[in-house]
Amino acid sequence: MSGSTQSIETHDENQQWVCMYCGYIYDPAEGDPAGGIPPGTAFEDLPDDWCCPNCSTEKDTFEPAS
């Protein structure tokens, strides 16, 4: 069917993500060692229950950093 479009977001696995509440930046190159997340873990690969290490908000409060 034509006329319908589906948006598929893809992100670079090295993309940094920023918490919209506190400004914490998740950097995949660094991971979150205190939270048990090793360096090299892409944001998309973080567990669904991962929270911001600074303010404890949920993963869905993060947006790609520009």
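At 45% relative accessibility, G35 counts as partly exposed, a class that lies between buried (under 20% relative accessible area) and exposed (over 50%), with a 1.4 Å probe and protein chains only. The model is predicted: local features need pLDDT of at least 70, side-chain atom pairs count only at pLDDT 80 or more, and totals for chains, interfaces and linings use all residues. Residues are numbered from 1 along each chain as its sequence is written, and side-chain values use heavy atoms, with hydrogens and water left out.

**Overall architecture**

- The protein has three strands and zero helices, where strands (E, at least two residues) and helices (H or I, at least four) are DSSP runs numbered from the N terminus.
- Read from the N terminus, the order of elements is β-β-β.
- Of the 66 residues in the protein, 32% are buried.

**Aromatic pairs**

- Seven aromatic pairs are present in the structure; rings of Phe, Tyr and Trp (its six-membered ring) pair if their centres lie within 6.5 Å, and planes under 30 degrees apart count as stacked, over 60 as edge-to-face and the rest as tilted.
- Y24 and F62 form an edge-to-face pair, because their ring centres are 6.3 Å apart and their planes stand at 85°.
- This pair links distant parts of the chain, since Y24 is in the loop between strand 1 and strand 2 (25-26) and F62 is in strand 3 (residues 62-64), 38 residues apart.
- Y24 and F62 are both buried.
- Y26 and W50 also make an edge-to-face aromatic pair, with 5.5 Å from centre to centre and 70° between the planes.
- The pair of Y26, in strand 2, and W50, in the loop between strand 2 and strand 3, likewise links distant parts of the chain, 24 residues apart.
- Y26 has a relative accessible area of 0% and is therefore buried, and W50 counts as buried at 6% relative accessibility.
- A cluster linked by ring pairs contains W17, Y24, Y26, F43, W50 and F62.

**Loop positions and contacts across the sequence**

- G35 is located in the loop between strand 2 and strand 3.
- The C-alpha atoms of G35 and P53 are 7.3 Å apart in space, while the two residues are 18 apart in sequence.
- G23 belongs to the loop between strand 1 and strand 2 and is partly exposed, at 41% relative accessibility.

**Backbone at S56**

- Most residues other than glycine have a negative phi, and most peptide bonds are trans.
- S56, a residue other than glycine, has a positive phi near 65°.
- S56 is placed in the loop between strand 2 and strand 3 and counts as exposed, at 53% relative accessibility.

**Charged surface**

- D12, E13, E44 and D45 form a negative surface patch; patches are made of residues with over 30% relative accessible area and no salt bridge, with like charges joined within 9 Å and nonpolar side chains (Val, Leu, Ile, Met, Phe, Trp, Tyr) within 5 Å.
- A salt bridge is a side-chain nitrogen of Lys or Arg within 4 Å of a carboxyl oxygen of Asp or Glu.
- D12 lies in the segment before strand 1 (17-19) and is partly exposed, with a relative accessible area of 49%.

Terms used. Accessible areas come from the Shrake-Rupley method with a 1.4 Å probe; for residues, only the protein chains shown count as cover. Lys and Arg count as positive and Asp and Glu as negative; His and the chain ends are not counted. The place of a charge is taken as NZ of Lys, CZ of Arg, CG of Asp or CD of Glu.
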